[in-house]
Amino acid sequence: MPTELVLISTLFTGLMLGVIFSLVAAGVTIIYGSIWMPNAANGQFFLLAALALWSAAVSWGLHPVVAALLVIGASVPASLLLEQMLIRRFYDVPNRNVSYFVLSLGITQILAGLFSVTYGVWSDQFQIPPLMAGITFLGPFPVSNSRLAALVTGVALLAALFALLRYHKYGRAIRAVFQNRDAASLRGVNVRAIYRLSFVLGNLVVAAGGVLYAFAYSFDLSVSWSMSITAFAIMIIGGPGSVVGAVAVGMVFGFTQAIVSAFASPTVATFSYLGAMLLILLMKPSGLFAR
Amino acid sequence: MNRTIVAAGLGLALVTPQTAAAADQESVKVGFVTELTGPWSFFGTACVAGLKFAEATLNPPGKRKIEFIQIDNQTQPTQAVAAARNLDIQSKVIALSGPTSSDTALAIYGYAEQNKVPFLVPVAAFPQLTKPGTRYSFRIEPNAAGWGYAIAEFVAKQKPGAKIALMHSDFALMRAISAGLKYQAAKKGLKIEPEIVFPQGSNDATVQAAQVLAANPDYVVVVGAGGFDNTITNQLLDVGIKPEKIIHPYGMATQVKGWGKRSVGSLYGTFFDANLDTVTAEGRKFIDDFKAQNKRLPSYVENYCYVTSQIIREVIDADPKAGDDREVFRNTLSALKSKEVTSGIPIEFDKNGARKEYIYFMQIQDVGEVEYKSKPVFTTNWDPEIIPVYDLVK
Amino acid sequence: MTDALRKHGRGLLVFAVAAYALPLLLAGNRYFAFIGGIALLHVVWTAGMSLLYGYAGLMPLMFAGIAGISAYAAVGLMAAGFAFWTALPVAALFAALVGVGLGLPALRLKGFYFTLCSLVIQTVITLAFVYFVNLTNGDTGISQIAPPAWFGGPLQGVGFDLVLATLAVGAMVALVLIVEAPFGRRLVAVREDDELAEMLGIDVVRQKLAAFFVGSLFAAVGGAFYAPYVGFVSPRSFDVLLSLNIWLMVAFGGRGTIWGAVVGTVLLAPLPFLLQDYYKVKDVIYGLLIIGVIVLLPGGILGGLGSRAAAGTGTQSPGLRRKEAA
């Protein structure tokens with residue numbers, strides 16, 4: 001019974017973390033794959049979504065589901081505004097990934113500064129009221145329904161993302177741009193419109209990751225950096241620009257953390273997946289799923 | 001550069017005539033280097049909030065004025081050293097105070113000891129801040145290894161031979177607590193198993209909660225950093241650990257609120273709590289005023305920063321020269337025998353600048369929007385060197 | 001070699017005069033002198049970063065980690081009884097070698113992937129600083145680091161500042177010599193087009209590796225001096241933010257120019273100290289500054305002004321330089 005308990009809890013944790021890692025890494029890789037923006041601010045965007053959810057659900061007292069939809073929805077105009085003001089200026093700049101990286105560091109600094117004198121002063125831990133009450137038993141392992149709902153939503157979102165990229169014409173256009181922007185442009189794809197769309201979509205997915213994280217865990221401001229680093233690591237291993245890679249490696253990261261921390265220790269788990277990253281890079285520098 | 005002067009000296013704005021002697025003297029400046037931005041900003045800001053309440057009564061007419069000069073250290077040791085230097089040289093403060101974090105406090109400690117500036121640490125629990133040979137640094141908060149000692153004492157009294165599961169984040173503070181706990185547990189015949197350490201930046205403890213449940217301990221001592229503390233607690237409760245088995249080495253008002261109603265019955269350590277009946281009239285007023293302004297109760301962090309201001313007042317009052325001479329300030333502070341105005345707990349420093357230590361273990365009764373109810377179930381006090389703290393934690 | 005010195009002689013001379021004048025002018029106020037000393041220390045770091053980023057096209061975000069390894073190693077050796085001046089070369093060499101070892105897999109990566117990878121390596125190093133408590137004292141840090149011995153007495157005050165000035169001048173001379181040597185030109189070739197460089201018979205990975213070793217040495221020497229100068233080290237002293245800041249100083253001042261790194265350092269290194277009183281808006285100001293430069297002056301301040309003349313003379317006092325930037 002105890003072995004079974006630990007086993008199922010390990011699987012659940014792997015899935016839960018894997019889904020969140022996958023979402024965030026997918027968002028990051030969509031933006032990098034299209035506009036070559038390594039968004040160091042992705043962790044801050046993730047945190048922004050989680051904090052906004054907290055404000056909407058706790059301070060304004062909205063129903064958590066309404067609050068979640070509101071936050072994810074609000075990421076669209078916010079992304080469009082940012083794209084309009086800053087991002088599009090660099091679409092034609094050579095070596096723009098460096099410019100974008102600097103830009104995203106500037107954004108990181110501003111958001112971190114704002115968070116630390118607002119939310120950082122209010123509390124050192126933030127918790128969203130549960131989506132729903134009660135507990136479900138997965139065999140001997142009890143899970144709160146709220147976390148289970150977050151997991152199911154996350155899986156559904158990943159499936160929807162895949163469907164969008166695979167079957168919808170926008171999704172196909174995004175992938176065409178990922179593969180070869182000149183060819184896509186010749187085939188009549190409006191590359192700039194796709195850039196904008198990718199930026200919005202990428203941020204939306206990151207925001208969704210932040211919202212789900214906030215439902216599954218209590219959090220504080222420090223989650224932003226660790227999430228940025230994790231997302232980058234996943235993107236590098238998976239192959240930048242590959243959503244399949246991001247999701248596959250995100251899942252592997254989640255399960256590695258769960259399994260290694262169950263059978264060795266949480267510290268070994270952290271070192272091991274970062275070490276695995278270095279090892280994979282040594283053998284296959286372009287990432288596992290690079291085209 | 002326009003410096004934020006915390007002690008706005010509002011008291012002086014009253015038209016009360018002052019005695020000539022006090023009016024002639026320059027005000028005494030105390031440097032307050034704390035965490036207003038960066039990862040620790042919550043604690044620094046809470047500390048300053050506590051300090052501000054003390055200032056209402058800090059400068060009664062006829063006494064020499066004390067002003068606190070506050071500088072943000074960005075939770076960054078280099079900035080903390082620079083700020084200490086700035087206050088020492090530019091503002092010529094008589095003493096330093098303020099930090100609530102491990103590394104910033106130790107960074108200033110090094111500066112203070114090397115440059116002979118009295119340094120009164122309000123809230124930082126590292127044993128090494130008062131290691132043998134310390135001359136200029138004094139600490140108000142008990143050291144963290146001692147908290148671990150106290151937990152072992154508490155558990156041994158509740159259930160001799162008990163088995164304790166220990167889960168903590170890998171921060172110096174928590175390592176110190178666990179070192180003290182393990183040392184004293186061995187002496188008291190308690191068993192620590194399993195011990196689970198989470199690296200900084202951890203976010204999930206589901207598996208570990210299941211492992212703890214499987215080990216079936218009598219108590220679970222839990223201490224995580226920030227939001228993670230809440231996550232571990234929730235996940236322990238989710239897998240079915242009873243709240244009565246959970247001990248948090250420390251609990252601030254925001255934490256208790258975060259643990260929430262489902263944690264009713266669980267235990268936490270503290271050094272000042274609104275639910276203690278030892279709180280004095282002044283302490284009660286502080287709690288009420290703080291609650292009205294901040295929509296939460298103050299905890300030991302705010303209290304210690306409040307008390308910091310009281311201690312400095314008493315040192316300046318005890319020896320008129322203490323306001324101008326750091327050596328006199330240091331000696332007066334070292335010899336001070338007083339009580340916390342808020343709680344009546346004695347203030348007295350040993351040769352290394354550590355206090356006679358104490359802790360209350362509280363059991364949560366109810367958690368509301370702003371307030372929570374808890375009752376003391378165990379209290380103890382001890383000599384800082386009852387266990388070899390300075391060898392246990394380097 | 002002498003050509004290189006002749007070419008940049010005036011700049012180096014002006015920089016040397018400014019670097020030595022700074023501690024002497026600020027000697028009356030130990031606080032401003034300390035900020036000046038920190039800025040000089042940053043010049044050592046940005047010189048190394050300039051070599052790596054400006055000339056070799058590498059953006060190593062584990063730079064601070066290497067500085068940290070050196071700092072901890074130096075402190076450890078001093079605690080074991082060695083003199084600082086013995087500990088310094090050992091620690092610096094050790095840290096640079098560890099840096100190369102850690103960077104080896106990443107160096108095979110092209111362009112930006114290297115940067116992302118180095119970011120993760122930096123994270124591992126920071127975690128290691130926290131985890132290996134016996135070596136580093138964990139996140140508590142090590143305080144009361146003794147100043148180096150100097151002719152029988154402790155090196156402190158203006159003396160230490162002047163040593164840092166010497167170090168900064170030495171770092172700039174070394175940078176000039178390296179950049180103007182054939183090795184430096186090979187690096188630029190690799191930066192501009194590594195495939196073409198490969199075709200021309202340049203061993204790209206080996207050049208990068210050599211550059212990385214030399215750049216890491218700058219980081220390591222700076223780190224070893226940081227420890228006794230500040231008197232305290234902890235994992236947070238050498239976190240990724242320091243890497244980013246050092247890199248930013250180079251990008252801000254002007255990538256691929258000799259004096260850009262110095263300009264960036266002089267403008268940015270003192271900023272966090274001078275903004276201590278404006279903590280509520282400090283990060284926002286800093287962020288806006290970064291965005292402003294990347295939008296308005298994408299090549300950095302000197303790169304933006306473009307002219308070689310500006311690059312050659314941007315070495316007077318901070319005040320003058322600020323005017324140039326405006």
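User: In which helix is Gln255(B) found?

Analyst: This is a predicted model. In it, Gln255(B) sits in helix α10 of chain B, which covers residues 253–259.

User: Is Gln255(B) buried or exposed?

Analyst: Buried means under 20% relative accessible area. Gln255(B) has a relative accessible area of 6%, so it counts as buried.

User: Which residues does Gln255(B) touch, leaving out those up to four places away in sequence?

Analyst: Gln255(B) touches Asp229(B) and Tyr250(B), and also Gln125(A).

User: What lies 2.7 Å from a polar atom of the side chain of Gln255(B)?

Analyst: That is the backbone nitrogen of Met252(B).

User: Now strands. How do strands of a sheet pair?

Analyst: They pair through backbone hydrogen bonds, and the pairing is either parallel or antiparallel. In chain B, five strands form an open sheet with parallel pairing. Their order is β2-β1-β3-β4-β5.

User: Which strands of chain B stand at the edges?

Analyst: The edge strands are β2 (66–72) and β5 (137–139) of chain B. Each has a single partner strand, so one side of each has no neighbour in the sheet. From one strand to the next, the twist averages 25°.

User: How many bridges join strand β1 to strand β3 in chain B?

Analyst: Three bridges join β1 (residues 28–34) to β3 (residues 95–97) in chain B, and the two strands run parallel. Take Val30(B) as a case: its bridge partner in β3(B) is Ala95(B).

User: Back to helices. Why do residues three or four places apart point the same way?

Analyst: An α-helix has 3.6 residues a turn, so residues at that spacing point the same way. For a case here, look at helix α11 of chain C, residues 240–253. It has 14 residues and reaches 20 Å from its first C-alpha to its last. That is close to the 20 Å expected at 1.5 Å a residue.

User: Why is α11(C) described as largely enclosed by the rest of the structure?

Analyst: Because 12 of its 14 residues are buried. Among them are Val240(C), Leu244(C), Trp247(C) and Phe252(C).

User: What comes just after α11(C)?

Analyst: Gly254(C) does, with a positive phi of about 135°.

User: Where does UniProt place the "transmembrane region" annotation in chain A?

Analyst: The unreviewed UniProt entry gives several spans, including residues 6–33 and 45–62 of chain A. In the model, residues 6–33 of chain A are 100% helix, and their end C-alpha atoms lie 38 Å apart. Residues 45–62 of chain A are 83% helix and 0% strand, with end C-alpha atoms 21 Å apart.

Definitions and conventions: Residues numbered from 1 in each chain as written. Chains lettered and ligands numbered in written order. Predicted model: local features only at pLDDT ≥ 70, side-chain atom pairs only at ≥ 80, totals over all residues. Heavy atoms only, no water. UniProt positions renumbered as here; feature names shortened; annotations may be inferred. Helix = DSSP H or I, 4+ residues; strand = E, 2+ residues; numbered from the N terminus. Expected span 1.5 Å × (residues − 1). Buried < 20%, exposed > 50% of the residue type's maximum accessible area, 1.4 Å probe, protein only. Polar contact = N/O pair within 3.5 Å; in protein donor to acceptor, adjacent residues only side chain to side chain. Contact = heavy atoms within 4.5 Å. Pairing = 2+ DSSP bridges. Axes fitted to C-alpha atoms, helices over the stretch in contact; angles between N-to-C directions.
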